[in-house]
Structure formats: structure tokens, C-alpha cells
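My notes are below, in the order I took them.

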Amino acid sequence: MMDGQVPEQALQPLIYDISAPGRSGVNLPECDVPRAPLPADLIRDDLPLPEVGEVQVVRHFVKLSQLNYSIDQGLYPLGSCTMKYNPKLNEDAARLPGFAQLHPLTDEAGSQGALFLMHELQGWLGEISGFEAVSLTPAAGAQGEFAGILMIRQYHIDRGEGQRDIILVPNSAHGTNPATVTMAGMEVRELPADAQGNVDMRALHAACEGDLRDRIAGMMITVPSTLGLFESTILEVIETVHDAGGLMYMDGANMNALMGVVKPGELGFDVMHYNLHKTFSTPHGGGGPGSGAVGVNEKLKPYLPGPIVEIIDEGQATGPTLDMPVGATYQVAHERTDGSPQPKPGDGPEPPLYGFVMPEKSIGRMKAFHGNFGMHLRAYAYIRVYGDSGIRDVTRYAVLNANYLRARLMRSYRVPYPRYCGHEFVLEGHIEGVDEVHALDISKRLMDYGFHPPTNYFPLIVPEALLIEPTETEVKEDLDAFVEAMERIAQEARTEPETLLNAPHTAPVRRLDEVRAAKELVLCCAPALPSYS
Amino acid sequence: MSYIPHTPAETRTMLAEIGVRSIDELFEAAPQSHRFPALDLPPPMSEMEVAAEMLAISEANDHGQDFAIFRGAGAYHHFIPSVVNHILLRGEFYTAYTPYQPEISQGTLQATYEYQSMMCALTGMDAANASHYDGATSLAEAVTVALEASRHRRRKVILSHAIHPQYREVVRTYHQGRDIRIIGDRGRGEIVDLLEMLDDNTAMLALQYPNFFGQINDLATVAEAVHEAGALLVIVANPMALSLFKSPGELGADIVVGEAQPMGVPLGFGGPYLGYFAIRQKYVRRIAGRIIGETRDADGKRAFVMTLRPREQDIKRERATSNICTNQGLMALAASVYMALMGKNGLRQVGELNYHKAHYAAERINRLDGYSVDMSKPFFNEFVVACPRPVEEINQALLEEGIIGGYDLGPHYFHLQDHMLLCATETNGKDEIDRLVEVMGGLG
Amino acid sequence: MGDWKTPANLKYSESDEWFALDGDIVTIGITDYAQDQLNDIVYVEFRDPGDSIDAGDSFGEVESVKAASELYSVVPGEIAEVNTALEDEPETVNADPFGAGWMVKIRAADLAGLDGLMDAAAYDAYCDSR
């Protein structure tokens with residue numbers, strides 16, 4: 001509140017509203033060194049942060065947390081976001097001091113554990129998707145896309161084909177795809193979908209074989225598509241773009257439908273990104289952090305964003321040594337302060353030495369340091385749990401759950417494409433004969449039944465789209481309860497549409513005035529500072 | 001089957017409902033020639049075994065519980081009150097996603113709004129977004145905003161060489177596809193030299209505060225010169241230093257960006273961190289990423305919602321200026337809880353502890369034979385030490401005494417061979433600092 | 001036909017701008033159909049007076065809660081005036097798109113671009129077909 005008044009009706013006061021001068025939420029140690037004089041002319045006069053006690057801070061944030069809906073509370077079928085269960089084991093692992101208190105600029109010898117883990121994860125992600133090399137540095141899927149398109153751009157430039165500046169993008173693509181192309185200084189050409197939800201092959205051939213042929217740099221495509229459908233013509237799509245001299249980028253947002261089913265690298269893709277926060281269970285954190293590793297084939301390997309982890313010195317052991325007793329591989333090269341013994345030569349196989357390497361023609365760094373390592377270690381633990389025999393089951397049961405929901409919901413809603421789906425599918429959120437009810441109203445009403453709504457109005461090519469992705473971690477009873485809720489909502493739409501139009505009724509707040517938010521732009525409640533003039 | 005709950009009976013019922021005999025039939029659209037490849041991965045493991053392996057791997061690292069850390073250079077070892085982690089571990093926060101449905105996301109929305117507000121308080125800006133990936137990418141996004149603000153008529157970006165070397169690399173990565181010039185950071189130019197480069201083609205000038213070497217420059221006259229040339233002043237600031245030093249807003253900055261990891265986010269081998277981005281009202285509509293605003297619900301109750309949405313990639317597509325979507329939301333929550341706990345006085349106290357510890361260490365090291373510390377300018381919690389022998393040798397000796405020493409500046413700065421960047425924070429007790437000085441002294 | 005207004009004395013583009021000619025000054029705004037599609041308009045931004053633009057260039061942008069649209073001119077020239085009142089009250093575009101909701105006036109260097117525009121009847125038919 002800019003005027004300092006607490007509105008009569010507020011869910012929870014703002015942290016500034018519960019501030020009292022002189023109160024503090026921390027207990028800090030006394031200064032144990034001599035105090036140095038502060039440079040008075042550079043010191044600020046006021047630091048307008050709130051003053052709140054520890055107990056109040058805890059209650060404030062606990063109360064706020066209770067206003068959220070989360071996976072830990074129930075089904076979160078937000079299509080294209082893969083809201084699967086986030087294993088608690090991973091959270092414990094991330095908080096181990098050896099990870100949490102490891103400085104990113106620690107010397108190689110002192111970070112062998114972290115480097116080993118990243119090296120293994122690079123290898124596993126490459127194996128799952130059929131790629132030659134992987135860089136873990138991108139911080140999110142969108143950054144992985146950006147890295148991928150920059151690599152394609154540089155590849156063409158190095159071959160003397162810098163005029164290749166067009167990236168083809170299907171009209172069903174995530175908005176990040178076209179936005180990425182623009183960021184890379186390239187041009188987007190949109191391709192339509194055919195009646196089956198596949199890329200329109202005639203439009204693709206026209207683009208790749210017409211006047212623009214020499215300007216085609218590549219294509220970005222999501223597999224399965226954002227409609228949740230496997231492109232049945234994917235091999236022809238790849239061949240057509242390759243024949244025109246372009247490279248193929250796979251948006252890996254939907255990798256939860258592909259693990260152990262096909263390897264994108266084997267299909268002919270040149271580069272893809274993974275979303276560790278979708279497919280590999282790292283938590284979405286109320287908006288992030290994500291992690292958007294990129295995988296590439298031999299052609300693009302020299303261009304990977306860096307640094308990547310490689311074995312710098314083989315030692316006497318060969319390759320990963322996971323079948324050795326736990327801990328045996330991870331001894332560090334120097335003596336430790338905790339008194340643990342330094343391994344002596346001849347004690348056993350010398351572990352290899354891992355180190356960071358900048359690829360030969362790298363497009364550069366995507367962020368400082370080496371990516372969202374906290375997400376890497378969670379993905380590592382996740383893949384370790386499932387292993388070779390289990391990872392395919394993730395995809396199998398994700399696809400089973402989606403098709404089960406689809407089969408049951410087809411009776412009460414229109415499903416635009418008559419095919420089995422991948423890990424997600426689109427419904428039309430429109431009830432026959434009830435034009436005033438929209439997808440959004442169905443979504444809002446779902447909240448009253450205790451569910452998070454699906455993704456609304458995406459993909460853009462389906463009217464009133466509701467994109468539903470249950471994920472493999474959902475149990476049948478909960479899927480059935482979701483179906484029942486959706487059926488009752490379809491019924492309510494016909495008998496009492498007002499109930500939907502005014503929904504939600506049980507959420508902490510009712511529908512919001514977004515016009516007011518955008519016009520008034522109240523973005524900050526901190527007291528104003530002395531301003532620069 | 002780990003996190004997959006299906007019983008065989010349920011699977012059968014579900015398959016019957018779909019009308020297929022096996023799950024594999026559902027994959028008929030995937031090219032048959034490539035369907036169901038073998039996966040060469042290690043075998044599955046139980047939770048107990050994975051937990052043991054994670055512990056073993058983590059212990060193969062030199063971490064802050066076994067070592068005294070005197071290394072900063074963009075990542076800082078600070079005390080994090082227990083409350084921060086307990087709040088982060090609330091599933092309601094960390095297992096939710098972007099608050100697309102505001103009615104059931106008011107917790108994330110209000111916490112983010114409070115984060116934005118406290119970042120404005122620290123930086124002296126009018127608005128802050130919900131986060132970028134880290135300090136480096138936040139600077140790269142600031143370049144885009146500056147170019148946009150000039151409607152791409154200005155194509156020159158001036159960076160100080162005293163901005164973190166990796167941040168400057170990231171700016172170049174982000175903008176390699178654009179027809180712009182990035183200058184100023186190849187030499188050793190002082191701020192006055194950078195101001196000389198300003199002209200009517202300059203979109204922005206960026207400085208770091210404190211700079212990469214820990215120094216606080218007097219920026220009182222910089223903004224005027226930058227604005228006179230019609231350019232934007234971007235300041236990369238360590239928010240922890242803003243507990244003590246004048247806010248960039250007071251100094252005339254137009255955009256303030258940086259790494260908020262020091263406030264409640266652990267070192268974590270470099271990520272996830274928290275890029276903050278704050279800006280003057282005049283440019284608020286050019287901000288990229290999520291931003292939360294206040295509004296009312298249908299009953300007039302105060303509530304929060306993502307606003308300025310049409311700028312984003314999902315609506316504006318190829319016309320969007322950034323593709324950011326997922327951000328560092330949970331880290332923004334950490335910073336929010338941290339700032340709320342510390343408050344006005346606590347944060348100031350932490351800032352002072354950092355300042356005094358660093359000055360105590362700097363003064364003692366400066367008195368050692370063979371070493372000298374550049375004390376010509378005020379500094380916060382980092383300082384540059386000229387060493388009598390290669391930094392690597394000194395750091396090896398320190399490591400043997402359980403100390404992670406300073407960052408070697410030689411590889412990044414030709415004129416700083418045998419110079420290390422040392423950092424002291426509130427986590428370094430006097431005894432640790434004395435031990436550091438003693439070991440360094442023995443190598444004089 | 002839908003229930004939007006299309007004054008007969010104006011000319012219309014496929015990107016939903018209207019154009020009115022007075023001497024060498026061309027006034028431009030967005031149509032009733034367009035404002036209805038955009039819904040509540042919350043922000044407008046125009047190029048500065050004195051800027052020169054080419055035919056086909058964007059002269060500004062209009063934003064609602066859910067969409068952002070670029071605004072295009074079919075004539076080249078210099079921006080003579082922009083409707084600054086809309087900065088504080090963008091909702092005027094919704095309320096009176098052909099009157100107080102006008103956006104810019106361009107001193108046209110060439111009027112040929114106006115020849116390719118639709119008349120009211122053609123524009124109505126075009127909107128109906130969408």
C-alpha cells in the first residue's frame with residue numbers, strides 16, 4: 001500500500017504492515033575484530049526494510065504458503081509443465097553441506113564430487129536422448145533453446161553460410177521458440193498444422209524447397225507436439241529440413257513422453273534441450289529455478305555453451321566406477337582436515353580427475369559459473385532411483401495416465417484429434433449449447449473441486465484449449481476424482497452456468513481485476529527513498 | 001516402481017478403459033524403426049542407497065563445514081538463519097509453479113510482491129521484477145532494455161573492466177546475434193575513461209558497485225554525464241553491500257541488477273542463484289520476466305496478480321524482447337524471508353560485520369612482508385592482494401591448513417598476475433582470519 | 001454482421017487501423033472491431049512527434065491485459081502529433097475509437113498507400129470473414 005493503509009479486506013497483511021521500530025528477527029554475533037572507520041560520505045542514511053520478529057516472520061510466510069495450491073496437496077495437471085511429484089530425498093541431498101556449502105570457484109581437486117556428478121549426469125542425459133554431448137549450463141528451458149539456436153547460427157557462419165537466418169516454427173509452438181529466434185537475431189517463419197495436428201508437410205516442403213531454401217537455418221519443433229501428439233511424419237520433417245541445409249532443434253519440454261520410447265538424436269535431431277524441472281522431477285519452486293541442459297550431436301559439439309565437465313586425467317580406473325563400493329571413487333587428492341586418510345598410491349585404482357572445459361568453438365557462457373547445480377544433483381538422484389529398467393516406466397505410466405483421462409473425458413468434452421496422445425492431451429473447454437461458458441470458467445470451477453486447472457488457451461491453434469497433463473505419479477483414484485469433477489462441471493454448465501461464471505467460490509480470493517493491476521501498476525510497497533535529482 | 005503408484009490391477013482397468021491390451025500399444029505413432037531403444041544406464045537403487053551415495057559424493061568436495069572460506073568473486077559464503085530453509089521446504093511453496101491461476105497462488109504472489117518491494121528499498125528503484133536466472137543474465141537483460149529504450153537507434157554498450165569477467169562474457173553470449181558494439185572492458189580504464197567513450201550512439205554504460213575488486217567508487221557525478229549523453233546508467237550491485245552504502249537509485253542509476261545470492265541462498269556450487277532486476281518507473285514497461293502487481297478481487301479484497309503480461313513470450317512470441325519464462329522464484333522467496341528476518345537493523349549489522357572483518361584482514365595482510373593490499377579506495381568485503389609468489393602456491397598451502405584462499409586474478413587480468421581477490425564475511429571469525437594471515441605470512 | 005461501428009467516411013487496413021485524410025495530414029486510430037477484440041486497453045505508446053516513418057512501419061503499440069498489438073501506418077511521413085491524452089486514459093480508445101481515441105497524425109510525404117485501403121463495406125465483410 002503506497003499510502004500506508006491496510007485495506008479492510010486483505011488475506012494477510014504485508015510484511016511492512018507488521019513492522020515495528022526496533023524489532024528484529026535475528027541474533028547476530030558481536031564484532032570480534034577492531035572496527036574500521038566507515039567512509040561517511042558513501043554511507044546511506046536509511047535502509048527501509050521492515051522490522052519484524054522471528055516468530056512473526058515464520059507465521060507470515062506459513063500463512064502465505066497456505067494460500068497456495070501445490071503438487072504436495074493434489075493433482076496439478078498443468079499441461080506442458082510436467083508437474084510430477086518432487087521426491088523428498090532430493091531435497092535432503094541438496095542440503096548436504098558438501099553441496100550446499102561448496103563454492104563454485106573451488107579448485108578442481110576440491111570439487112571432484114560435484115564434477116563427477118555433473119559428468120555422470122551429462123552422460124546419462126546423452127544416453128536417454130541419443131546425443132553425443134551435453135552441456136548442463138543453461139538455467140532453464142528457454143535458455144537451453146537460446147543456446148541451441150545460437151549454436152545453429154554459429155555452425156552456419158563457420159561454414160560460410162551466414163545468410164541462413166530463418167528458423168521454421170510450427171504455429172502450435174511454445175512462445176519461447178519464436179521469442180528465442182528473435183533474441184538470436186534470426187527470423188521466424190511459422191508453419192501451419194494439418195487436420196491431424198501434424199506439421200503441414202506441403203507448407204514445410206514449400207518453405208524448404210522454394211526461394212528461401214538458402215536462408216533456412218533450421219527448425220524448432222516439440223516432440224510430441226504441444227498438442228500431446230507424436231508427429232507421425234517426424235522422420236520426413238527432419239529429412240526435409242536437412243536436405244535444405246538446415247539443422248533440427250527439438251524442444252524437449254515433452255521429454256516425459258519419450259524416455260525409452262525414442263531417442264531424439266537417433267531420429268536425426270541435431271540439438272535439444274531437457275527441462276530437468278519437468279522430466280527429471282526437480283521442483284518448480286513457484287516459478288523456478290529450472291534447468292535447461294542441452295544435448296547435441298557431433299556436428300554441434302564444438303559449439304556447446306560452457307563450461308562442460310570432462311575427464312582431464314584418466315587415472316588408472318576406466319570410466320565411471322559406480323559398481324565400486326560407495327565412496328571409494330570420491331577420495332580427494334589432498335589431505336582433508338577432518339582427519340580422513342589420504343589414499344596412498346597402490347591403495348586401489350586411482351580415480352580419474354574431472355575438470356571444466358570450454359568447448360573449442362563454444363557460443364560462450366549462458367550464465368555465471370556452471371548452471372543450476374542444485375537441479376543437476378536432484379536430477380542425478382532421480383535417474384539413480386529409476387535406473388536402466390525404470391526410466392522407461394516413467395514415460396509409459398505418464399502416457400497411460402494421460403490416455404486414461406482422455407478416454408474418460410471424451411464422453412463429456414470434445415477432444416479435437418482422434419488419436420492416442422502422449423503424456424498430455426487437449427480438450428475443447430466449450431460445452432455444446434452453452435456459449436457463455438469458456439475454458440477459463442471450467443478452470444476456475446475446478447479449483448472449487450480441489451484441483452489445479454489445466455493449462456488454458458494453449459496451444460493457440462485449438463479454440464478454448466485445456467491442455468491436460470496428469471504425469472505418472474498420479475494414482476488412479478485421483479484421476480477418477482478429476483474426471484468426476486470435470487463431468488459435474490459439464491453438467492453445471494448446462495443447468496447452472498452462473499456457478500461457473502462466478503467461480504471459484506472456495507479459493508482464498510475470487511477472480512481478480514487484472515485491468516486495475518495493469519493500469520495502476522502498484523508494484524512496490526516499500527517506503528520511498530530520498531530520490532536522485 | 002519408485003514414485004509410480006499403479007498396481008497391476010489398476011493398470012489393467014485403465015488399459016481396458018482406453019481399449020488397448022498393453023501400454024506399448026499407445027506408442028504406435030512413434031517411428032517403429034527407432035521405437036524402444038535400449039538404455040545404457042546404471043541399475044535402479046533404493047532410497048537408502050541413493051542417500052548414501054549422495055552423501056559420499058558430497059563429501060568428496062571441499063566445503064564450508066570443513067574449510068574456512070575466504071573466496072568470493074561473485075559467490076559469497078554468508079550466514080543463513082534456519083527459518084529461511086524451513087520456509088523454503090514448505091511444499092506449498094516449492095511444489096507449486098508460476099502463479100498463472102492467481103486465486104490459488106496468493107502465497108507465491110504476495111511473497112514475490114514483498115520481494116520486489118524489499119529489492120526496491122535496497123536499490124532505491126521504483127520497480128523490480130520477480131527475478132532473472134542470476135546476476136550475469138540480469139545484466140544481459142539490462143542491455144536489451146537499454147537498446148529498446150533507445151528504440152535500437154543507439155548501438156553502443158560501454159562496460160567497465162571491473163565488472164565480473166563472467167558477467168561480461170554472458171553479455172557477449174546474449175548479444176552475439178545483434179548488430180551492436182560492446183566496448184570499454186578490454187583495457188584497464190577508470191570510470192573517467194569510460195565517460196570519455198559516451199556519445200549519441202551509446203545506449204548504456206554499466207559499472208559494478210562494489211566493483212569486481214571489492215572497491216566502492218564515488219559515483220556522485222557519473223549519472224549526470226551518462227544522462228547528458230542520452231544513455232542509461234546500469235549499476236551491477238551486490239545487495240549485501242547496499243546494507244551500508246548509498247543506494248544506486250540515490251546515485252542516479254536507471255537500472256540496477258545483480259546477484260542476490262548473498263541474501264539467503266547457499267553457495268551451492270554456483271546455482272540456483274538469484275538475478276535481481278530493478279528499474280525506474282519511466283522504463284517499467286520495458287522490464288522482462290514476471291512482475292507482480294496489486295489489485296482487488298471481485299469482492300474488493302486486496303490480492304496480487306502477474307501483470308504487464310503482454311510483454312511476455314507466451315503472448316508476444318517473436319516480438320517479445322526476452323524468452324524468459326521459468327525464473328528463480330524459490331530463490332526470490334529465500335531472499336524475501338532473509339530480508340524480512342534481518343530487517344533494517346539486522347542487515348545493516350551484517351553489512352558492518354563484513355566491512356570490519358575484511359578491513360581487519362586487509363590491514364594485517366598489508367603488513368606482511370612481500371604482500372601489499374590496494375587500500376587507495378574504500379572497499380566492502382573483498383580486496384585485492386599483491387602476492388610474493390603465484391596465487392596457486394599460496395592457495396595450496398592454505399588448503400593444507402583447511403582454508404580456501406582468494407581468487408586468482410591473473411587469468412582474467414593481464415596486469416594482475418600474482419594478485420588474489422580475498423573476501424571476508426560475517427562467517428569468518430577472528431581466529432580464522434588470524435590463521436589465514438599466519439599461513440600467508442609464512443610464505444612471504 | 002457483428003455489432004461494431006464502421007464509419008463510412010474512413011478507410012481501413014487489414015491490421016485494423018482507420019485512416020482519415022485532411023490536406024496532407026493523415027489521422028490514424030484503431031477500429032471499433034479492433035478495440036472490441038483487444039478488450040480493456042490499459043496502455044498505449046507512440047513514436048515521438050518529429051520522428052519520420054516509412055509506409056508499413058510501426059508508429060506505436062497498444063496493450064490490453066491479454067494482448068499487445070503493433071500499430072502500422074500505410075503512408076510515409078513525419079509524425080506531426082500524438083494523442084497524449086491516451087497515455088493517462090487509454091480506455092478512451094475503447095469508448096470512442098473513431099473520435100477522442102484517435103492516435104497519431106502524420107504529415108504524409110506520399111498518399112499512395114491510402115489507395116490500397118478498404119472502404120467501410122469491404123472492411124465489414126473482412127471482419128465478418130474472420
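**Entry 1, ground rules.** I am reading a predicted model, where local features need pLDDT of at least 70, side-chain atom pairs count only at pLDDT 80 or more, and totals for chains, interfaces and linings use all residues. Residues are numbered from 1 along each chain as its sequence is written, chains are lettered from A and ligands numbered from 1 in the order in which they are written, and side-chain values use heavy atoms, with hydrogens and water left out.

**Entry 2, chain B against chain C.** I looked up contacts (heavy atoms within 4.5 Å) and found 10 residues of chain B touching 16 residues of chain C. The buried area (accessible area, 1.4 Å probe, that two parts lose on being put together, summed over both) is about 970 Å², and carbon and sulfur atoms give 40% of this. On the chain B side, Arg151(B), Arg285(B) and Arg319(B) supply 50% of what that chain buries against chain C, more than any other three residues.

I then checked salt bridges (a side-chain nitrogen of Lys or Arg within 4 Å of a carboxyl oxygen of Asp or Glu), and the rule finds 8 across this interface. One of them joins Arg319(B) to Glu61(C), with the closest N and O atoms 3.7 Å apart. I sorted the chain B residues that touch chain C into 2 nonpolar, no polar and 8 charged. In this sorting Ala, Val, Leu, Ile, Met, Phe, Trp, Tyr, Cys and Pro are nonpolar, Asp, Glu, Lys and Arg charged, and the others, Gly among them, polar.

Strands (E, at least two residues) and helices (H or I, at least four) are DSSP runs, numbered from the N terminus. S4(A), residues 216-222, runs parallel to S5(A) and is joined to it by 5 bridges; Gly218(A) has Leu247(A) as its bridge partner.

I found 3 strands in the order S10-S12-S11, paired antiparallel; pairing takes at least two DSSP bridges. S10 (425-428) and S11 (455-456) are the edge strands. Between S10(A) and S12(A), residues 465-468, there are 4 bridges, and Glu428(A) stands opposite Ala465(A).

H7(B), residues 165-174, is largely enclosed by the rest of the structure, because 8 of its 10 residues are buried. Among them are Tyr167(B), Arg168(B) and Tyr174(B).

Conventions. Buried means under 20% relative accessible area, exposed over 50%, partly exposed in between (1.4 Å probe, protein chains only).
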